[in-house]
Amino acid sequence: MPSRLSIIVVEKDRDRAMQIVDSLNSSGDYDISVIAEESGLSRRIAQRDPDVVLIDMTDPSRDALEELALASGPMDRPVAMFVDRSDDALTKAAIEAGLSAYVVDGMRADRIKPILDAAITRFHMFQRMRTELEATKLALEERKTLDRAKGILMKARGVSEDEAYALLRKTAMDQGKKMIDVAQSLVTAAGLLS
């Protein structure tokens with residue numbers, strides 16, 4: 001996150017929006033914008049590309065909650081939502097929508113900064129987990145492709161697994177390619193021939 005966070009506050013009520021802005025301004029130096037209208041929210045948030053989105057809703061419905069959460073880009077940035085009331089279904093919908101913080105019992109000025117900090121920390125934690133998961137999935141897929149390629153070579157050339165691996169490695173080095181690229185080409189070609 002940059003040193004000066006840009007924050008979008010989504011709040012229909014001007015007085016409540018100003019309470020949030022005042023609370024944020026008293027706790028740090030932020031670039032704050034307020035959006036009062038929910039229509040076109042996704043487009044306006046994308047245009048401004050804030051670091052954080054804070055949403056204040058007095059009486060959320062499940063549909064409104066999901067729409068606001070998804071429009072604010074919870075996979076792109078931390079999103080904290082303050083609501084005056086909730087139930088199990090709303091809480092579940094908020095979590096499934098990917099909110100970094102879902103605070104029931106409304107917005108209070110003294111809680112905004114700690115919740116903002118927690119939302120940012122939680123967002124970064126989940127972002128790291130998503131990145132690690134994607135890297136693990138990619139490594140697993142590459143491993144499967146290498147194993148398939150070795151199997152093809154073992155069957156076609158009558159060589160051992162170690163020899164098939166060495167052949168893949170040598171071919172990759174000779175061609176200046178990654179071993180996974182050579183393995184993928186072999187698997188693709190074998191698929192065309194079968």
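Helix H2 (residues 41–48) lies across strand S1 (6–10), S2 and strand S3 (52–57), and runs at about 165 degrees to S2; contact here means heavy atoms within 4.5 Å, and axes are lines fitted to C-alpha atoms, for helices over the stretch in contact, with angles running from 0 to 180 degrees between N-to-C directions. Helices (H or I, at least four residues) and strands (E, at least two) are DSSP runs, numbered from the N terminus. The model is predicted, with local features needing pLDDT of at least 70 and side-chain atom pairs counting only at pLDDT 80 or more, while totals for chains, interfaces and linings use all residues. Residues are numbered from 1 along each chain as its sequence is written, and side-chain values use heavy atoms, with hydrogens and water left out.

The five strands form an open sheet in the order S2-S1-S3-S4-S5, with parallel pairing, where two strands pair if DSSP finds at least two bridges between them. Strands S2 (31–35) and S5 (101–104) are at the edges with a single partner strand each, so one side of each lacks a neighbour in the sheet. Strand S4 (residues 79–83) pairs with S5 in the parallel sense over four bridges, and methionine 81 stands opposite tyrosine 102 in S5.

| Helix pair | Angle | Axis distance |
|---|---|---|
| H5 (residues 109–157) and H7 (residues 179–193) | about 60 degrees | 8 Å |

H5 and H7 are therefore oblique to each other, a class left for angles that are not under 35 degrees (roughly parallel), over 145 (roughly antiparallel) or 65 to 115 (roughly perpendicular). Their contact includes Leu146 and Ile152 of H5 and Ala183 and Val187 of H7.
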